[in-house]
Amino acid sequence: IVTTPGVVYALLQAVKTVTAPGDGVIIMTPVYYPFYRVISAAGRNVVKNPLINDGGKYSIDFDGLEKLARDGKNTALILCSPHNPVGRVWTRAELEKLAKICLENNVFVISDEIHFDLIMPGYSHTVLASISPDIAAKTITCTAPSKTFNLAGLNHSNIVIPDENVRQRFRRELSNAATPMQTPY
């Protein structure tokens, strides 16, 4: 676990850690607007995989995701789980399918799971990295107490990076980064 002063700041550093300038980073739109900003601020390209809106229930366009993942220029996916703003809690089966696509196409996942404690009764959250050791090694999971306990003013987040090499690269990126107030996201 690596701590940072916020999930959005961590997303920027994670994008810079696992991608190269000019790479595509996939997002599932509509999505929390800072995702666009961190991708652009890192010098990467926003690649949209729109969610499917079926009468107000959103689902992942897996065919679209697979097509985008096969493009070698797209090297990462920022996952919002549960999804903000559509409110979907992805099922384990959906996450397994997403993980399979990303692993088969060498797409690294940066998983924003900051809302994982705020779900309605009858639903359960599955941490993407818990699906398998393989996807855990290709995932950076971002969490924070800010949503659950209304502590946004404390500026603290927990970034879980199981792969030691990726964790060391992330820490190096943090040490080279501007302070959060100087970062253009």
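**Close-up views of a predicted model**

**View 1. Asn106 sits in the loop between H4 and strand E7 (108-112).** Helices (H or I, at least four residues) and strands (E, at least two) are DSSP runs, numbered from the N terminus. The model is predicted: local features need pLDDT of at least 70, side-chain atom pairs count only at pLDDT 80 or more, and totals for chains, interfaces and linings use all residues. Residues are numbered from 1 along each chain as its sequence is written, and side-chain values use heavy atoms, leaving out hydrogens and water. Asn106 has a phi near 55°, a positive value in a residue other than glycine. Most residues other than glycine have a negative phi. Is Asn106 buried or exposed? Asn106 counts as exposed because its relative accessibility is 53%. Exposed means over 50% relative accessible area, buried under 20%, and partly exposed in between (1.4 Å probe, protein chains only).

**View 2. Two cis peptide bonds are shown here, Ser81 to Pro82 and Asn84 to Pro85.** Most peptide bonds are trans. From Ser81 to Pro82, omega is near -10°. From Asn84 to Pro85, omega is near 25°. Pro82 belongs to the loop between strand E6 (74-80) and helix H4 (92-104). Pro85 also lies in the loop between E6 and H4.

**View 3. Thr29 lies in the loop between strand E2 (24-27) and helix H2 (34-41).** Thr29 counts as buried because its relative accessibility is 9%. Which residues does Thr29 contact, leaving aside its neighbours within four places in sequence? They are Tyr36, Lys48, Asn49, Pro50 and Leu51. Contact means heavy atoms within 4.5 Å.
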